[in-house]
Amino acid sequence: YVGNLDPKCTQELICSIFNKIAKVVRCKMINSVSYKGPYCFVEFETHADAQEAKFRMDQRTVMDKKLKVNWATNHPGMKRGDTNNHFHIFVGDLAENVDNALLRKTFEPFGEISEVRVVKDPAKNKSKGFGFVSFVRREDAAKAIAEMDSVTIGGKQVKTNWAARKNNPTQSKYVCVKNLLWDDVFHQSSQLNTTVYVGNLPPDVKDYELQQMFSQYGSILETKVFADKGYAFIK
């Protein structure tokens, strides 16, 4: 994934630049009116080539803008980039046989989808019974919520709603407490402390997924996810 591109940047230019590092198999530029500027996906022959390109090109300046280069999550059409500014809906009560492909196929008639994810238990590799669908346009997401609630997918009626989003981003810094028992943490914490630590997270976890799971316990002010380190803080 190559982001933070200048609006005048072209697919040919990106392909040419990355082709100097290693052979490019495919290059796809996405120009979405709902996204802040274009972004691009570059595919290489080997993982090693892609890793080298990521290492050498991240934060490199192209047309006076520093590129953001990261691993892309593949799916048909290569449309996924940074979806944090897209519109996410929660789909609950999913049957065990509902996978990403079926969920995408079911919601595709409502508009352009940027991401689909059925949440799985990593230990059992089975669905946890809910998932998320991200739309590029808000009106498409709203229509999907209204029309798909209580509709049967895979033999079960599903529940649809807006996925909880981070609504108070700050520059707060947190310190991870390690190797402490629950009682130690409880007794050492101030009664005014409202931030909890969540560990052992998968690397592809999203802030809105955590918000959806934890919102049942109270109003959430902020979620800070450190996906590369496997933990998060929820306030």
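Which residue in β12 is the bridge partner of F90? The close-ups below of this predicted model begin with the answer.

**View 1. Strand β7 meets β12 through antiparallel bridges.** The residue to look for is N161, which is the partner of F90 in β12. Strand β7 covers residues 87-92, and four bridges join β7 to β12.

**View 2. An open sheet is built from four strands.** Reading across, the order is β8-β9-β7-β12, and the pairing is antiparallel. At the edges stand β8 (113-121) and β12 (159-162); each has a single partner strand, so one side of each is left without a neighbour in the sheet. From one strand to the next, the twist averages 25 degrees.

**View 3. Two helices lie across strands of this sheet.** Helix α3 (residues 100-107) lies across β7, β8, β9 (126-135) and β12, and runs at about 140 degrees to β8. Helix α4 (residues 138-148) lies across β7, β9 and β12, and its direction is about 150 degrees to that of β12.

**View 4. Helix α4 has a buried side and a face turned away from it.** Let's look at α4 by itself. Its buried residues are D140, A141, A144, I145 and M148. Seen down the helix axis, these residues fall within an arc of 135 degrees, so they line one face of α4. Their cover includes β7, α3, β9, β10 (152-153) and β12. On the face turned away from the buried side, you will find the exposed residues E139 and A146. Following α4 comes S150, with a positive phi near 75 degrees.

**View 5. Y1 and Y39 form one of the 10 aromatic pairs in the structure.** The pair is tilted, with 6.0 Å centre to centre and 50 degrees between the planes. It links distant parts of the chain: Y1 belongs to the segment before β1 (2-3), whereas Y39 is in strand β3 (residues 39-44), and the two are 38 residues apart. Both Y1 and Y39 are buried.

**View 6. F107 and F110 form another aromatic pair.** This pair is tilted too, at 6.3 Å centre to centre and 45 degrees between the planes. Are these two residues buried or exposed? With buried meaning under 20% relative accessible area, F107 counts as buried because its relative accessibility is 0%, and F110 counts as buried because its value is 12%.

**View 7. An aromatic cluster includes F90.**

**View 8. R138 sits over W162.** The charged end of R138 is 4.7 Å from the centre of the W162 ring.

Methods. Residues numbered from 1 in each chain as written. Predicted model: local features only at pLDDT ≥ 70, side-chain atom pairs only at ≥ 80, totals over all residues. Heavy atoms only, no water. Pairing = 2+ DSSP bridges. Axes fitted to C-alpha atoms, helices over the stretch in contact; angles between N-to-C directions. Contact = heavy atoms within 4.5 Å. Buried < 20%, exposed > 50% of the residue type's maximum accessible area, 1.4 Å probe, protein only. Arc of directions from axis to C-beta. Phe/Tyr/Trp six-rings, centres within 6.5 Å; stacked < 30°, edge-to-face > 60°. Lys NZ or Arg CZ within 6 Å of the ring centre and 35° of its normal.
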